[in-house]
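Hi everyone, thanks for making time for this. I'd like to walk you through one model, so let me put it on the screen.

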Amino acid sequence: MKSFTVLTGLAAPMDRSNVDTDLIIPKQFLKSINRSGFGPNAFDELRYLDKGEPGRDNSQRPLNPEFPLNFSRYQGASILVARENFGCGSSREHAPWALEEYGFRCVIAPSFADIFYNNCFKNGMLPLVLEEPLVAQIFAELYAQEGYSLTVDLERQVVIKPNGETLAFEVDAFRKHCLLNGFDDIGLTLQDAEQIKTYEAERRLSTPWLFGFAQH
Amino acid sequence: MAGKTLYDKLWQAHLVSQRDDGSALIYIDRHIVHEVTSPQAFEGLRLAGRKPWRVDSVVATPDHNVPTTHNERASGVAGIEDPISRIQVQTLDENCDELGILEFKINDPRQGIVHVIGPESGACLPGMTIVCGDSHTSTNGALGALSFGIGTSEVEHVLATQCLVAKKMGNMLVKVDGTLGAGVTPKDVVLAIIGTIGTAGGTGYAIEFGGDVFRAMSMEGRLTVCNMAIEAGARAGMVAVDETTLDYVRGRDYAPKAEQWDMAVAQWRQLHSDADAVFDRVVELDGSAIAPQVTWGNSPEMVLPISGSVPDPAQEADVVKQTGMTRALQYMGLTPGQPITSIRVDRVFIGSCTNSRIEDMRAAAAVVQGKTKAASVKEAIVVPGSGQVKAQAEAEGLHHIFLAAGLEWREPGCSMCLAMNADRLEAGEHCASTSNRNFEGRQGYGGRTHLVSPAMAAAAAIAGHFVDVRTFN
Ligand code: SF4
């Protein structure tokens, strides 16, 4: 996994609440058996004027000129600023895969749906929660100022605005540790393999009906 | 010391280790796998040179991509016309065969939607921790289990370690007392709950559904309610174990038998919140006040009783909400003030992991019996949730009732719930759907979904527009 330490980048707006995972990556693209290739279809239904299908050459499709991420001023953005309950809906990890491949390493919002929030960390992305008025302020500033960029310092847990103002944010210690170091958490869990085996041995005795399932 | 909630008990029973940083390692008893969110996990495992920790905890089935027409289904995987869907289903077969994972393959009579086959086969049981790479895994919580959806990286993590790194959620109680009126179903109850607490109302919580209404509810109804806990933002929903639960589980294929059954029941009877348990958040609703519900917008919280009228964004003070409403009305092609009953329906979908069990089939059949689909409704499809539901419905002759009324009777799968197969809406079409999500494009590009109960969907198929099933005949 890619590590995440300090990110400085252009911020782009996704100005609606309850952005669901169907909107982030429509289901027809979930048929892929690969982990990559989703970037060109991130926000497909908002981004293009026609209907996307897997295998199409996206560079030939008509872009929606009214969709902010298509504006020239937001090209190259790596921080997405969003509203409440971002990433709600399905568990599809294709959503963070698509956003990451599009170029976003950080999404800032007042709240996230739980599964999406979790999935981001597994992919070297930081979902960052700031209080609603602070996010509203960022929206106002980024609309007002072209080239508005932010610095996100995970180690110090602060967002630094162009005017030097810093906003502190909370993040889980374990997730922070994995993200800073780019750790694969399967490897970390397997360090506790003995403990898992001990637990499992007890469980075999107390709930024997849970074992031997496939052999029925 | 305060008593424990059901969630506290399930959590503690599965705690392998508590880490200093607040995270915990949780043991997973059952892992259900489907074709869409697993290929990258199996590939990851292979690339890392890892093997599944415990193959006998996993059961797999293809559901999202499978065709539901009899013809296309007849020749199994090879018959799937869409080549990319075919590859995905094939990949699941290959992965399961290679690793020795039990899979109910495409035309196995036990195949079906993951969240239908789990409880139905007894693969999902009370007291378990259950995960699946699918958000509606919350469904199984109806059994008195801790069950929730995970992402693909976590699918790989559970395959490799039998555990998840998790943080304990908050405890939330949604209590619905009173008695439901005739024609008011579990689907209406859960839609009314979401309408009250919002789609983020349960975020960060495990919701326990308690109160008279759930005690009186059938197991299938409880599965419908827990299915949509995720639509209220909660990863997990659950209902305490009682006689209804035990009666449902007894005798299922993979349920414990003989002495093990008695041993299990003794444990399962503890699976309820203690009388003095404390919840972090409690929401109470009056069950007798709930009417049949219909969603009008692009979020399940945009829901109204059938007697309602489409709201006017101008009346909404919150600007973000107001823009959301305006956008939803534009997408849905609705006008403020328009009565819900005036919304005409182009297609009807009865199915999905929310409402494709035998009771749902019966409820829909009871409404359409002896009637005919409105000519203006282009298509009304009934898609049973599993091969077993299909067989049971056919044994009861329900398929004849549907066919006589002009509805179609299909093969089991997710179908038009998310339109990954050929079943989908055309742009601009309104659909009375028994599924769980009305997001933009969910049932097809530009499609307009209205979430309702099976009885309400069936009534709309006959009337051609939404009607109050309580007064419809
Ligand atoms: S029926 Fe719909 S919600 Fe349920 S698992 Fe299938 S796609 Fe997901």
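How many of the five residues of strand 5 (residues 149–153) of chain A are buried? Four of them are, so strand 5 of chain A is largely enclosed by the rest of the structure. By buried I mean under 20% relative accessible area, with exposed over 50% and partly exposed in between, using a 1.4 Å probe and protein chains only. Strands here are DSSP runs of E with at least two residues, helices are runs of H or I with at least four, and both are numbered from the N terminus.

A quick word on the source: this is a predicted model, where local features need pLDDT of at least 70 and side-chain atom pairs count only at pLDDT 80 or more, while totals for chains, interfaces and linings use all residues. Residues are numbered from 1 along each chain as its sequence is written, chains are lettered from A and ligands numbered from 1 in the order in which they are written, and side-chain values use heavy atoms, leaving out hydrogens and water.

Back to strand 5 of chain A. Strand 1 (residues 6–14) of chain A pairs with strand 5 of chain A in the antiparallel sense over five bridges; to count as a pair, two strands need at least two bridges found by DSSP. There, A:L150 in strand 5 has A:G9 opposite. Strand 5 of chain A also runs antiparallel to strand 6 (residues 158–160) of chain A, joined by three bridges, and A:T151 faces A:I160 in strand 6. Four residues sit between the strands of that hairpin, where A:Q157 takes a positive phi near 55 degrees.

Now over to chain B. Three of its strands form an open antiparallel sheet in the order 1-2-8. Strand 1 (15–18) and strand 8 (163–166) of chain B are at the edges with a single partner strand each, so one side of each has no neighbour in the sheet. From one strand to the next, the twist averages 20 degrees. Helix 1 (residues 6–13) of chain B packs on this sheet, touching strands 1, 2 and 8 of chain B, where contact means heavy atoms within 4.5 Å. The direction of helix 1 makes about 85 degrees with that of strand 1 of chain B; axes are lines fitted to C-alpha atoms, for helices over the stretch in contact, and angles run from 0 to 180 degrees between N-to-C directions.

Next, the rings. Rings of Phe, Tyr and Trp (its six-membered ring) pair if their centres lie within 6.5 Å, and planes under 30 degrees apart are stacked, over 60 edge-to-face, and the rest tilted. That gives 16 aromatic pairs over all chains. One of them is A:F86 with A:F116, edge-to-face at 5.4 Å centre to centre and 75 degrees between the planes. These two are 30 residues apart in the chain, and both are buried.

Which pair crosses between chains? A:Y199 in helix 8 (residues 193–206) of chain A meets B:Y27 in strand 2 of chain B. Their centres are 5.0 Å apart and their planes at 40 degrees, so this pair is tilted. A:Y199 is buried at 11% relative accessible area, and B:Y27 is buried at 0%.

Last stop: helix 6 (residues 152–161) of chain B. Ten of its ten residues are buried, so helix 6 is largely enclosed by the rest of the structure. Just after helix 6 of chain B, B:Q162 takes a positive phi of about 65 degrees. Thanks, everyone!
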